[in-house]
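Q: I am new to this structure. Can you take me through what the terms rest on, step by step?

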Amino acid sequence: MEAAAVLRSSSGICKSSNFAFKSCVLTANRPEFLCVSTKFRSLKGWITHCPSISLPKQAQRRLVLGGRKSSVVRASSASSDSPIAPLQLESPVGQFLSQILISHPHLLPAAVDQQLEQLQTDRDAEKQKEEPSTSGTDLVLYRRIAEVKANDRRKALEEILYALVVQKFMDANVSLIPTVAPSSSDPSGRVDSWPSQEEKLEQLHSSEAFEMIKNHLALILGNRLGDSNSVAQISKLRVGQVYAASVMYGYFLKRVDQRFQLEKTMKILPQGLDEEESEIVQAMADDMRQPDGSDQYISDEQPKSHPEVSSWSGSFCQGGFGHGIKASRLRNYVMSFDPETLQRYATIRSKEAVSIIEKHTEALFGRPEIVITPQGTIDSSKDELITISFGGLKRLVLEAVTFGSFLWDVESYVDSRYHFVMN
């Protein structure tokens, strides 16, 4: 299975090289390949180019991981000195909120509301200013100052969103995975020393949404889904790409699940969701099988590629039918969307949310070194490997999906107080 980030439209496949500059286009008649995208810039290699994720045989190789400095945000508990989030907040607003998270996390919403009021005041004051009547140097200087102030507000807004996401994990008593680096206590150099916390993460989603998440996990892990202890060496870049893509998937999933739960409560769901399920399962299962009858999924062997999808991602596309994939009412509900609605729901709405996904992933895995060959493929000669168990990989994906779900929540909350979402 490939982990390439691409968009699929009803007329064909759009390659990942154009990913950053296109709105998300999805196919209504192939929901197993429902991909979440962004109409904004690329995620610095985490999404734009995603080669296949293969899980090779276990070997020994240590990884010296470079990347962002660990966050200055630290847990208030005296029993732990580890960061509560991998990303370091840099703006004055972000550093202020970091201190609130350390000392009085329950006060963060009030502090955020205060900061949003100040941002709104600053933005309104900026709009009321008139450009100088003169031209030349004064006008250029005026516009440059306005641009710097706007960038400062945007950065503060990003870090407000991130602080709120971190607080939601803290409220759920779920620790965020720290910067991914080999453990000094493990001679094999394994990176996954974090606890599973699967039950806690499951409780943060509706039952319908978690069925979709399990399908997403089955796409990535295949027949290793229940094998938590086996260890493999995997490309750090590819794991980071799957993480970022899973954040985007969680964002989309929360968006559609919110609408689904509302319509279910109001008893206005489309008719026939359950009746169509068996036919949908069979059709998709047949479509995803190899010519020899085997299922397509990621395993510890070299992945087998479906002829039609050999160059694009199943890892962040919604619910293909490989090993262990099950149908769900929520998937059938998504299938009932018209193409325009589907495109709208599968688009990340703000540049700030895209930037958060990018920066958080980079804080976890370091800055990726992407080298593209003349043929348009990724040169993997400089690829670093990390040693990770399948249980650790599962935890990474579960956290990523939950991060995306929380990101949707806090983006909506902040936008209700300081409008910045474009659609």
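This is a predicted model: local features need pLDDT of at least 70, side-chain atom pairs count only at pLDDT 80 or more; totals for chains, interfaces and linings use all residues.

Q: What makes up the protein chain in terms of helices and strands?
A: The protein chain has 11 helices and eight strands. Buried residues make up 52% of its 423 residues. The chain exposes about 18700 Å², and carbon and sulfur atoms supply 49% of that area. Among contacts with a separation of 6 or more, 80% join residues 24 or more positions apart.

Q: How do you know that the reach of helix 6 is close to the expected one?
A: Set the two values side by side. Helix 6 has 30 residues and reaches 42 Å from its first C-alpha to its last. At 1.5 Å a residue, 44 Å is expected. The reach is therefore close to the expected value.

Q: What makes S235 a cap of helix 6?
A: A side-chain oxygen of S235 lies 3.3 Å from the backbone nitrogen of L237. The cut-off for a polar contact is 3.5 Å. The pair falls within 3.5 Å, so it qualifies on distance. S235 caps the N-terminal end of the helix.

Q: Why is the pair E208 and K264 called a salt bridge?
A: The closest N and O atoms of E208 and K264 are 2.7 Å apart. A salt bridge needs a Lys or Arg nitrogen within 4 Å of an Asp or Glu carboxyl oxygen. The pair meets that limit, so the name applies.

Q: What does the E208 and K264 pair tie together?
A: E208 lies in helix 5 (residues 207-221) and K264 in helix 6 (residues 236-265), so the pair ties together parts 56 residues apart in sequence. E208 is buried, at 13% relative accessible area. K264 is partly exposed, at 29%.

Q: How do you know that E384 and K236 form a salt bridge?
A: Their closest N and O atoms are 2.8 Å apart. The limit is 4 Å, so the pair passes. E384 lies in the loop between helix 10 (351-365) and strand 8 (385-389), and K236 lies in helix 6, so the pair ties together parts 148 residues apart in sequence.

Q: What makes D227 and R224 a salt bridge?
A: Their side chains meet at 3.2 Å, N to O. That is within 4 Å, so the pair counts. R224 is buried at 15%. D227 is partly exposed at 25%.

Q: How many salt bridges does the structure hold, and which residues are linked in a network?
A: The structure holds 17 salt bridges. K168, K254 and D409 are linked in a network of them.

Q: How do you know that strand 5 and strand 8 pair?
A: Pairing needs at least two bridges. Five bridges join strand 5 (residues 231-235) to strand 8, so the two count as paired. They run antiparallel. I234 stands opposite I386 in strand 8.

Q: Why is strand 8 called mostly covered?
A: Four of its five residues are buried, so strand 8 counts as mostly covered.

Q: Why is T347 called buried?
A: T347 has 5% relative accessibility, under 20%, so T347 is buried. T347 lies in strand 7 (residues 347-348). A polar atom of the T347 side chain lies 2.7 Å from the backbone oxygen of Q343.

Q: Is L107 called buried, partly exposed or exposed, and why?
A: L107 has a relative accessible area of 41%, between 20% and 50%, so L107 is partly exposed. L107 lies in the loop between helix 1 (92-103) and helix 2 (108-128).

Note on methods: Residues are numbered from 1 along each chain as its sequence is written. Side-chain values use heavy atoms; hydrogens and water are left out. Buried means under 20% relative accessible area, exposed over 50%, partly exposed in between (1.4 Å probe, protein chains only). A polar contact is a pair of N or O atoms within 3.5 Å; within protein, one must be able to donate a hydrogen and the other to accept it, and residues adjacent in sequence count only if both atoms are side-chain atoms. Contact means heavy atoms within 4.5 Å. Accessible areas come from the Shrake-Rupley method with a 1.4 Å probe; for residues, only the protein chains shown count as cover.
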